[in-house]
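I am opening a notebook on this structure and will write down what I looked up, entry by entry. The sequence and the model come first.

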Amino acid sequence: MNWAYVEQALAIFCFGYPFVMAYYWMTGALLFFIVRERHMPRFDRPPTLTTYPGVSILVPCFNEGPQVRETIENLSRITYPNFEVIAINDGSRDETAATLDALCETNPRLSVIHLISNQGKSCALNTGALAARYQILVCIDGDALLDRNALHWIVRQFQVSPRIGGIAGNPRIRNRSSIVGLLQVGEFSGMVGLIRRAQNIYGSFFTVSGAVCAFRKRALQEAGWWNTQALTDDVDVTWRLQMAGWNVEFAPKALAWILTPETFRGLWRQRVRWSEGGTTVILRYFPQLFTRKGLRMWPIWANYVVSILWSYTILLFMGVGLLHQLGISFGLGFSSLGFLPDKWGMTLALTYLLQALVAALLDRRVEPDIFRSLYWIIWYPLIFWVVQALTAIVGLPRSILYLRRQTGTWTSPDRGFR
């Protein structure tokens, strides 16, 4: 075998895959803007709706004492006229229960459900959904500050088509006091926003954001509600909704301001969990891809699998290169290749710059001062691919082990510096 050709193929795959995906996402995001977003009114002006159906806001809480008061009190700013709030205390061991009970006395829209022990976020959401009076369910995390006009945009999206079963909101970072926090501003604009716009155009979603999303109760019922054994409830329910024949769409103006990890350790733990949960869904639902309704998920599934192969190829390629530097070649003839060869490095750098500009221009309509974070948006794609590779390498074996133990309880996430 001519190992030089193998090395060349690996190099093209390692550096070509991020390049191709960047243009794939940018193209889809621009098409989304032209087709869906261009003629929308400003995000800070609620759209006029034909009707104003009731909305139930579900807030699952586990040890959210430091921030749940802020989250619930912020909901009093909502401009939508017809909604209720259901907070589900999932066996918290801090002051969450007492805080929610106190808020319930002063907020007539708020109802509180206390679960005796921690059952997991999926169980909490199922409990809240069954108690909800209305058919539209909006789910936010215990640290999320929902934009005052977000419910208008969510209901507007549901009114577009009766086949829309789920809506992905647009989470934005509100803690920006560290480099890690600022980099995630770049992530949610330069990567997440582009990817969700593109997936909306291409026809299938990998996941809504668990921090802010919405569902028709009927769609959830047909899909089997939230899976209590899922590690990442948002990914799992997104897949099952689409495999049940429902559409999932992105509402870029349904904003929620969230807290994120601000240390590398906290970010690593969060992303490994996301990778493990996503890979678990990919493995769990593979047999259903061969059904009529599952065919639509093949592009998302294939892209995820290729991303895992890419991650292990990077590991293999760099490992062989390191051994070559140490004088160990096993007769393969591989040469050492740096992370950014001259030609490919310049190409990727220009691509990331273009991606950052496209993302900032699109998100400027929902976050007018986004260009202040342009420096971090430019750098994040490179960091994204590094994090993607490392977490995918760790996440695959962990997801295989997880499928064998099937536990879905949660622990409190890292909320950053307060």
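Are Asp 236 and Arg 240 buried or exposed? I found that both Asp 236 and Arg 240 are buried, where buried means under 20% relative accessible area, exposed means over 50%, and partly exposed lies in between, with a 1.4 Å probe and only protein chains counted.

**Entry 1: ground rules.** I note that this is a predicted model, in which local features need pLDDT of at least 70 and side-chain atom pairs count only at pLDDT 80 or more, while totals for chains, interfaces and linings use all residues. Residues are numbered from 1 along each chain as its sequence is written, and side-chain values use heavy atoms, with hydrogens and water left out.

**Entry 2: the whole protein.** I looked up the secondary structure and found twelve helices and eight strands; helices (H or I, at least four residues) and strands (E, at least two) are DSSP runs numbered from the N terminus. Of the 418 residues, 56% are buried. The accessible surface comes to about 18,300 Å², and 62% of this area belongs to carbon and sulfur atoms; such areas come from the Shrake-Rupley method with a 1.4 Å probe, and for residues only the protein chains shown count as cover. I also looked at contacts (heavy atoms within 4.5 Å): among those with a separation of 6 or more, 84% are between residues 24 or more positions apart.

**Entry 3: salt bridges.** Side chains of opposite charge can pair when their charged atoms come close. I used the definition of a salt bridge as a side-chain nitrogen of Lys or Arg within 4 Å of a carboxyl oxygen of Asp or Glu, and a search of the whole structure finds twelve of them.

I returned to Asp 236, which counts as buried because its relative accessibility is 0%. Asp 236 forms a salt bridge with Arg 240, with the closest N and O atoms 2.7 Å apart, and both residues lie in helix α8 (residues 233-243), four residues apart, or about one turn of the helix. Asp 236 also meets Arg 284 in a salt bridge of 3.2 Å, N to O. This second pair links distant parts of the chain, since Arg 284 is in helix α9 (residues 264-284) and lies 48 residues from Asp 236.

Next I looked up Arg 398 and Glu 276, which form a salt bridge with the closest N and O atoms 3.1 Å apart. Arg 398 lies in helix α12 (residues 374-405) and Glu 276 in helix α9, so the pair ties together parts that are 122 residues apart in sequence. Arg 398 is partly exposed, at 40% relative accessible area, whereas Glu 276 counts as buried, at 3%. I also noted that Glu 37, Arg 172, Arg 197 and Asp 363 are joined into one network by salt bridges that share partners.

**Entry 4: the sheet.** In what order do the eight strands form the open sheet? I read the order as β3-β2-β1-β4-β7-β6-β8-β5, with mixed pairing; two strands pair if DSSP finds at least two bridges between them. The edge strands are β3 and β5, each of which pairs on one side only. β2 and β3 pair in the parallel sense over six bridges, and the bridge partner of Asp 90 in β3 is Leu 115.

I then turned to strand β7 (residues 212-216), where five of the five residues are buried. Both faces are covered, with Val 212, Ala 214 and Arg 216 on one side and Cys 213 and Phe 215 on the other. β7 runs antiparallel to β4, joined by five bridges, and antiparallel to β6 (residues 164-173), joined by three. Ile 136 has Arg 216 as its bridge partner in β7, while Gly 166 stands opposite Phe 215.

Entry 5: Thr 96, in helix α3, is buried, with a relative accessible area of 0%. Leaving out residues up to four places away in sequence, Thr 96 touches Cys 61, Asn 63, Glu 64, Gly 65 and Asn 89.

On the surface I found a nonpolar patch formed by Met 346, Leu 350, Leu 353, Leu 357, Leu 361 and Phe 371, with about 530 Å² of accessible area together. Patches are made of residues with over 30% relative accessible area and no salt bridge, like charges being joined within 9 Å and nonpolar side chains (Val, Leu, Ile, Met, Phe, Trp, Tyr) within 5 Å. Leu 361 is in helix α11 (residues 342-363) and counts as partly exposed, at 49% relative accessibility.
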